[in-house]
Amino acid sequence: QVKVNRALSVPPVPFDLPLAANHRASVTIAPPSAHIGTAPVQMRLISYDLREGQDSETLLSLSRSEGGAISLSLGLKTKRLPSSPCLLIHFHGGGFVAQTSKSHEPYLKSWSQDLGVPILSVDYSLAPEAPFPRALEECFYAYCWALRNHHLLGWTGEKVCLAGDSAGGNLCVTTSMRAAAFGVRMPDGIV
């Protein structure tokens with residue numbers, strides 16, 4: 001059992017992110033728009049422990065209902081841990097046409113427990129309805145959003161790693177390449 005398993009719907013709003021080489025300068029991160037126009041980006045926050053910010057009103061306002069189980073399990077004696085120095089951002093596999101963060105949830109829960117870090121898994125839009133470059137646009141937007149909003153995700157903003165299998169592995173590399181092209185912070189690691 002994890003303390004946090006929250007489906008999020010992040011509004012498609014542009015925002016500025018500092019450049020890695022010069023923190024006084026910034027670049028605007030536009031919301032994804034390819035093929036299906038602007039739409040919220042879907043993500044899932046999984047955390048074995050409840051950490052600072054993960055029960056904030058701001059994060060709760062981004063939650064989307066999935067029906068069924070409660071997405072935030074808080075007992076009366078749940079204690080809030082300090083923010084983790086690390087975040088793992090996950091891009092699921094499925095050949096760009098199948099799967100979700102929910103289908104990869106069993107191992108993501110284990111990883112969150114074993115690593116002791118929160119995990120943000122991106123539910124990018126799938127082809128054929130949303131072909132390339134839509135998934136990449138959404139994954140890059142989610143990556144940048146996580147950098148800007150680390151205080152909501154239960155991490156300090158110190159270290160971030162990308163992980164993905166199959167199509168998700170491709171998205172890890174291409175998201176990193178896009179971060180380099182935009183001049184924003186690169187991930188500290190890719191798995």
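Predicted model: local features only at pLDDT ≥ 70, side-chain atom pairs only at ≥ 80, totals over all residues.

Colleague: Okay. Which residue does the UniProt "active site" annotation cover?

Modeller: Ser166, according to the UniProt record, which is an unreviewed entry.

Colleague: And is Ser166 buried or exposed?

Modeller: Exposed, because its relative accessibility comes out at 59%, and the cut-off for that class is over 50%.

Colleague: Where does Ser166 sit in the fold?

Modeller: In the loop between strand S7 (155-164) and helix H5 (167-182).

Colleague: What is Ser166 in contact with, leaving aside neighbours within four places in sequence?

Modeller: Three glycines: Gly93, Gly94 and Gly95.

Colleague: Okay, Gln99 next. What's phi there?

Modeller: Near 80 degrees, again a positive value in a non-glycine residue. Gln99 lies in the loop between strand S5 (84-91) and helix H2 (105-115).

Colleague: Why does Gln99 count as partly exposed?

Modeller: Because its relative accessibility is 38%, which falls between the 20% and 50% limits.

Colleague: Switching to peptide bonds. Which kind joins Ala127 to Pro128, cis or trans?

Modeller: That one is cis, with omega near 5 degrees. Phe132 and Pro133 are joined by a cis bond too, with omega about 10 degrees. Most peptide bonds are trans.

Colleague: Where are those two prolines?

Modeller: Pro128 is in the loop between strand S6 (119-123) and helix H3 (134-148), and Pro133 lies in that S6 to H3 loop as well.

Colleague: Last one: what does the record's domain annotation cover?

Modeller: Residues 88-188, listed in the unreviewed UniProt entry as "Alpha/beta hydrolase fold-3". Over that stretch the chain is 46% helix and 19% strand, and the end C-alpha atoms are 10 Å apart.

Conventions:
Residues numbered from 1 in each chain as written. Heavy atoms only, no water. UniProt positions renumbered as here; feature names shortened; annotations may be inferred. Helix = DSSP H or I, 4+ residues; strand = E, 2+ residues; numbered from the N terminus. Buried < 20%, exposed > 50% of the residue type's maximum accessible area, 1.4 Å probe, protein only. Contact = heavy atoms within 4.5 Å.
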